[in-house]
Amino acid sequence: MATDCPGAFKVLEAGPIVGERTLGILVGPATGHQLIDGGSITVPGARLYDNAGHWFWEGEGVSPDFEVWDDPNILLKGRDPQMEKVVEEVLKLTKENKHLMTPAPPLEDRTAKGLRKK
(Lines give C-alpha, C1' and ligand atoms only; values in the text may rest on other atoms or scores of the structure.)
Protein backbone atom coordinates (compact mmCIF):
# COMPACT_ATOMS: atom_id res chain seq x y z
CA MET A 1 0.00 0.00 0.00
CA ALA A 2 1.55 3.30 -1.07
CA THR A 3 1.34 5.87 1.68
CA ASP A 4 3.30 8.69 0.05
CA CYS A 5 5.79 9.26 -2.76
CA PRO A 6 8.32 6.76 -1.33
CA GLY A 7 5.45 4.30 -0.86
CA ALA A 8 4.39 4.67 -4.49
CA PHE A 9 8.02 4.31 -5.55
CA LYS A 10 8.17 1.03 -3.60
CA VAL A 11 4.85 -0.30 -4.95
CA LEU A 12 5.94 0.48 -8.51
CA GLU A 13 9.32 -1.18 -7.84
CA ALA A 14 10.95 1.89 -9.37
CA GLY A 15 14.19 1.34 -7.46
CA PRO A 16 15.63 1.04 -3.98
CA ILE A 17 14.45 3.25 -1.15
CA VAL A 18 17.46 4.48 0.84
CA GLY A 19 17.38 6.47 4.05
CA GLU A 20 15.17 6.27 7.09
CA ARG A 21 11.52 5.33 7.59
CA THR A 22 9.16 8.11 6.53
CA LEU A 23 6.87 9.60 9.15
CA GLY A 24 3.59 8.50 7.57
CA ILE A 25 1.75 11.69 8.47
CA LEU A 26 -0.86 11.77 5.76
CA VAL A 27 -3.78 13.94 6.62
CA GLY A 28 -4.66 17.04 4.72
CA PRO A 29 -5.33 19.50 3.40
CA ALA A 30 -5.10 21.39 6.65
CA THR A 31 -6.81 24.68 7.36
CA GLY A 32 -4.99 27.24 9.47
CA HIS A 33 -6.57 29.09 12.38
CA GLN A 34 -5.17 32.07 14.28
CA LEU A 35 -5.23 32.01 18.08
CA ILE A 36 -5.82 35.10 20.20
CA ASP A 37 -2.26 34.92 21.55
CA GLY A 38 -0.84 35.31 18.04
CA GLY A 39 -0.10 31.61 17.54
CA SER A 40 -1.83 29.35 15.07
CA ILE A 41 -2.99 25.77 14.66
CA THR A 42 -3.85 23.65 11.68
CA VAL A 43 -6.73 21.22 11.52
CA PRO A 44 -6.72 18.44 8.91
CA GLY A 45 -9.75 18.46 6.70
CA ALA A 46 -9.33 15.14 4.90
CA ARG A 47 -7.77 11.70 5.15
CA LEU A 48 -6.05 9.91 2.28
CA TYR A 49 -6.71 6.48 0.82
CA ASP A 50 -5.02 4.31 -1.79
CA ASN A 51 -6.14 3.15 -5.23
CA ALA A 52 -7.63 -0.02 -3.71
CA GLY A 53 -9.88 2.06 -1.42
CA HIS A 54 -8.00 1.44 1.84
CA TRP A 55 -7.31 4.24 4.31
CA PHE A 56 -3.65 5.01 4.82
CA TRP A 57 -2.28 4.06 8.21
CA GLU A 58 -1.31 7.16 10.14
CA GLY A 59 2.21 7.18 11.55
CA GLU A 60 3.33 3.98 9.81
CA GLY A 61 5.42 5.44 7.01
CA VAL A 62 7.57 3.55 4.53
CA SER A 63 10.61 1.56 5.61
CA PRO A 64 13.63 1.86 3.33
CA ASP A 65 15.19 -1.07 1.54
CA PHE A 66 18.55 0.18 2.85
CA GLU A 67 18.56 2.09 6.11
CA VAL A 68 21.18 4.84 6.02
CA TRP A 69 21.31 7.68 8.51
CA ASP A 70 22.31 11.13 7.30
CA ASP A 71 25.02 11.64 9.90
CA PRO A 72 25.52 15.43 10.24
CA ASN A 73 29.26 14.93 10.85
CA ILE A 74 29.60 13.19 7.49
CA LEU A 75 27.37 15.77 5.75
CA LEU A 76 29.59 18.58 7.11
CA LYS A 77 32.54 16.94 5.34
CA GLY A 78 30.69 17.31 2.01
CA ARG A 79 29.62 13.67 1.74
CA ASP A 80 26.06 12.37 1.48
CA PRO A 81 25.85 8.78 2.78
CA GLN A 82 22.29 8.27 1.49
CA MET A 83 23.18 9.48 -2.01
CA GLU A 84 26.33 7.33 -1.99
CA LYS A 85 24.26 4.24 -1.14
CA VAL A 86 21.64 5.04 -3.79
CA VAL A 87 24.32 5.37 -6.46
CA GLU A 88 25.95 2.11 -5.32
CA GLU A 89 22.65 0.20 -5.47
CA VAL A 90 21.47 1.69 -8.76
CA LEU A 91 24.81 0.86 -10.39
CA LYS A 92 24.33 -2.75 -9.23
CA LEU A 93 20.84 -2.78 -10.71
CA THR A 94 22.03 -1.44 -14.07
CA LYS A 95 24.57 -4.28 -14.27
CA GLU A 96 22.01 -6.92 -13.28
CA ASN A 97 19.13 -5.65 -15.43
CA LYS A 98 20.67 -4.58 -18.72
CA HIS A 99 17.81 -6.23 -20.60
CA LEU A 100 15.28 -3.79 -19.13
CA MET A 101 16.39 -0.87 -21.30
CA THR A 102 13.63 0.31 -23.63
CA PRO A 103 14.82 0.30 -27.24
CA ALA A 104 14.65 3.59 -29.10
CA PRO A 105 11.89 3.90 -31.71
CA PRO A 106 12.86 4.13 -35.39
CA LEU A 107 14.16 7.52 -36.47
CA GLU A 108 11.62 9.83 -38.09
CA ASP A 109 12.16 12.19 -40.99
CA ARG A 110 11.54 15.50 -39.16
CA THR A 111 12.46 17.67 -42.16
CA ALA A 112 9.76 19.77 -43.80
CA LYS A 113 9.54 17.23 -46.62
CA GLY A 114 9.24 14.32 -44.18
CA LEU A 115 6.60 16.05 -42.10
CA ARG A 116 4.44 16.74 -45.18
CA LYS A 117 4.21 12.99 -45.84
CA LYS A 118 2.28 12.44 -42.63
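How many bridges join strand 2 (residues 30-34) to strand 3 (residues 40-44)? The two strands run antiparallel and are joined by 5 bridges. The model is predicted, so local features need pLDDT of at least 70 and side-chain atom pairs count only at pLDDT 80 or more, while totals for chains, interfaces and linings use all residues. Residues are numbered from 1 along each chain as its sequence is written, and side-chain values use heavy atoms, with hydrogens and water left out.

**Strand pairing and hairpin**

- Strands (E, at least two residues) and helices (H or I, at least four) are DSSP runs numbered from the N terminus, and two strands pair if DSSP finds at least two bridges between them.
- Gly32 has Thr42 of strand 3 as its bridge partner.
- The hairpin of strand 2 and strand 3 has 5 residues between the strands, and Gly38 takes a positive phi near 95° in this hairpin.

**Nonpolar surface patch**

- Leu35, Ile41 and Val43 make a nonpolar surface patch of about 220 Å².
- Patches consist of residues with over 30% relative accessible area and no salt bridge; like charges are joined within 9 Å, and nonpolar side chains (Val, Leu, Ile, Met, Phe, Trp, Tyr) within 5 Å.
- Accessible areas come from the Shrake-Rupley method with a 1.4 Å probe, and for residues only the protein chains shown count as cover.
- Val43 belongs to strand 3 and is partly exposed, at a relative accessible area of 37%.
- Buried means under 20% relative accessible area, exposed means over 50%, and partly exposed lies in between (1.4 Å probe, protein chains only).

**Salt bridges**

- A salt bridge is a side-chain nitrogen of Lys or Arg within 4 Å of a carboxyl oxygen of Asp or Glu; the count by this rule is 7.
- Arg79 is partly exposed at 44% relative accessibility, and Glu84 is partly exposed at 34%.
- Lys85 forms a salt bridge with Glu89, with the closest N and O atoms 2.9 Å apart. Both residues lie in helix 3 (residues 81-96), 4 residues or about one turn apart, and both are buried.
- Glu88 forms a salt bridge with Lys92, with 3.7 Å between the closest N and O atoms. Glu88 and Lys92 are likewise 4 residues apart in helix 3, about one helical turn; Glu88 is partly exposed at 37%, and Lys92 is partly exposed at 38%.
- A network of salt bridges links Lys85, Glu88, Glu89 and Lys92.
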